[in-house]
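Trainee: Could you show me how to read a model of this kind, feature by feature?
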Amino acid sequence: MRLRLAALFALAMGIILLAAGTPSFAAETATPATPTASAGAPADSAYSLVATLKDLRGAATPADGKPVPGVTITVEDSKGAEVGSGVSDAAGKVSIPLPSAGKFTATLDEKSLPEGTSLSGKTGNSRTFQVLQEGPTFLQFPIGNEPPKQTGKVERLIDGSVSGIKFGLIIALAALGLSLIFGTTGLTNFAHGELITFGALVAYGFNRGMGMTLILAGVLAVIVSGFFGYANERLLWRPLRKRGTGLVAMMIVSIGLGLFLRNIYQYVFGGGTKSYDQYVDQIAHTFGPIHLANKEIAIMLISVVTIAITCVALVKTRIGKATRAVADNPALASSSGMRVDGVIAAVWIFGGAITGLSGVLLGVDQQVDFQMGFKLLLLVFAATTLGGLGTTWGALIGSIVVGLMVEVSPVLGVPSELKYVTALVVLILILLVRPQGILGRRERVG
Amino acid sequence: MDWGAIFENSFQSALGPDAIVYALAAIGLNVHFGYTGLLNFGQAGFMAVAAYGLAASIATWGLPFWLGIVIGLAAAFVLALLLGIPTLRLRADYLAIATIATSEILRLLFGSVTLKDQFGGSNGLQGFASSFYDLNPYTGRLNLGLFSFSKNDAWVFTVGWILVALSCLVVWVLMRSPWGRVLKSIREDEEAVRSLGKNVFAYKMQALILGGMFGAIAGFMLALKQASVIPSDYATDITFFAYTALLLGGAARVFGPVVGSIIFWFLLTFLGNFFGQATSGADPLIPDWIMTDIQSSLVRFILVGLGLMLLMIYRPQGIFGDRREIAIDAR
């Protein structure tokens, strides 16, 4: 709770500093368009939206961006009725009073943008946001270069493929965690999505709450996620195994655990979508046909290195070999003198950490909310099933396929709001044709 | 703290439309999970196709009410076939993943912009329930002593409990029949049933369809009780809550899901109201820095999650069930 307040305070302060960071424009403004241009709440309404429009071209951080005036933003409530609209003033700010707390959608009229500019980032011109408390709610619409001319389908295909691989790598980290845990314990963990969210939220706490740099916060979050995985195993799953609880029962227990954690996350973190304080909106560099921001390159590198180390460790190290032995035949591993419980604990620690890492990276790539992992869970399941439940390489290949499918299918004509559907449809089709997955061994799965 | 209002609300929702919807959904899950051992995590999908089948038939395509009901049931039937063919031959966890994925696919499709003309996008569909409420014989509020229902709720209440009673009767009769005994033996030992020459796949499919029909009726009641269908009402949480209700009452028991839903909704409303009152007002019972108004509505769901875990660990048979009858062993 304190953390949340601190985080909110930090967020508000950041925005105020942002607004103060453009003195030249404040001086030029003869008559401020609205009394709210100074980043305060309007006096007459308890709730309001303050949206900031910054041109991020050539700016190192969002604070250096040039304000964009004269852009229209319209707010609708959850039923689609318009509740207000406004035009950005010289400081690039729009303040729209809102009737109450609740869920609203802000839409930016892209036609009103100055010539040659367009929205940057992948969030589109429409944002849904939650107003929870009185006072202003802040929203940013980053504005940048006109997107690369979408002339050829080939270019869009390349762009889609690259972001598909990036998304696939993020999924792969989580899928590897799921696959290792499934392989050694047989547990289909429906609370795995909450391990993803855990990493992202802990990093958010360190980053926004305690003011650490995001890299430090991310590293700490991964370590804490490892402990969290261990706590899962030690406090819940190991006692259940010792009781002889069946796998179906454990699956239902994991659903309960997921519900429990998800609502605790919302309790602590709130229902809104937030972002870390670094690397939020970066300008994409152009490498031939590919457009990538620095953070996207970093995400892909970190994922690839982590996955490579994991795979090598599974093949070469003692603990890796022990893990595969336990996955193959726990009884035989145990009678050969291996500490099966120790191996499983190690798998949970590592699985928790790697899954937490995927949450942190997802938070950097997109944004953080309390059910980000739950939304990803089915894609992670799809990836592991596609590759073959319990196989390491399978999880990897399945993830890349799922990531590509999600990001490339809009290019091929699937409506973008249905892009997750393609991956889930393929999941069901693969169960029909080859239930053991691409790399799974042929065995009875029925 | 207004205990009178808390108890009134709790009893009202324990016997009202909410509990009816969950009871019907849980009766379906009871046929799937309790009697046959099928781990269907996609009951929300069955509810959604039926509700949208009904709503779109009337509101979009202008068909009569009863045809809408038929279309809704047919949609649930087709969904059961589509789901069953790839997954019923597989292990329990595959069925669980496939069904939960299907229910999410359906929710995304019904809420999509592309199909907005048919299904109304994220705003859903309204204006299809008038034929249902035209049949309403009640002319005023229905007073039941401790609490009262509005005219419309009273009609939903009456129709709903009649449907629940009929569903229970159907389940009771079927599960006493030789057909039901085959289902239960599939749950206990599939291979043994197969070796006796029974077509296990066909029986599982029939069970999936039957349970899906109860899910469809639950979908109808949910759509009619609020006179609208909204995609977010058919999220996976509703399946999980229905499981909680089923396990609370006791799986593989005719009245298990019904009693479970009543208790589930009593507790859910009780906790919601209690924490809501404890955090509202100028000088709340629970100070603001521990729990705000908004957070108070989450406590009950935290407790549902905890409750589901503890129930499954310590008393998987629920209140009425028999521990030996719970299919909790896969692989």
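Mentor: Residues are numbered from 1 along each chain as its sequence is written, and chains are lettered from A and ligands numbered from 1 in the order in which they are written.

Trainee: What is the mean pLDDT of chain A?

Mentor: The pLDDT is the predictor's confidence in each residue, from 0 to 100; for chain A the mean is 80, with 82% of its residues at 70 or more. Over residues 1–43 of chain A the pLDDT is below 50, and beyond near neighbours in sequence this stretch has 54 contacts in the model (C-beta atoms, placed from the backbone, within 7 Å). Where pLDDT is low, the predicted coordinates should not be read in detail.

Trainee: How many residues does each chain bring to the contact?

Mentor: Chain B brings 45 residues and chain A brings 42 residues. On the side of chain B that touches chain A, α5(B) gives the most, with 13 residues (helices are DSSP runs of H or I, at least four residues, and strands are runs of E, at least two, numbered from the N terminus).

Trainee: Which strands pair with β6(A)?

Mentor: Two strands pair if DSSP finds at least two bridges between them. Strand β3 (residues 72–77) of chain A pairs with β6 (residues 102–108) in the antiparallel sense over five bridges, and A:Asp77 stands opposite A:Phe104. β6(A) also pairs with β8 (residues 126–131) of chain A, antiparallel over six bridges, where A:Thr107 stands opposite A:Ser126.

Note on methods:
Predicted model: local features only at pLDDT ≥ 70, side-chain atom pairs only at ≥ 80, totals over all residues. Contact = placed C-beta atoms within 7 Å.
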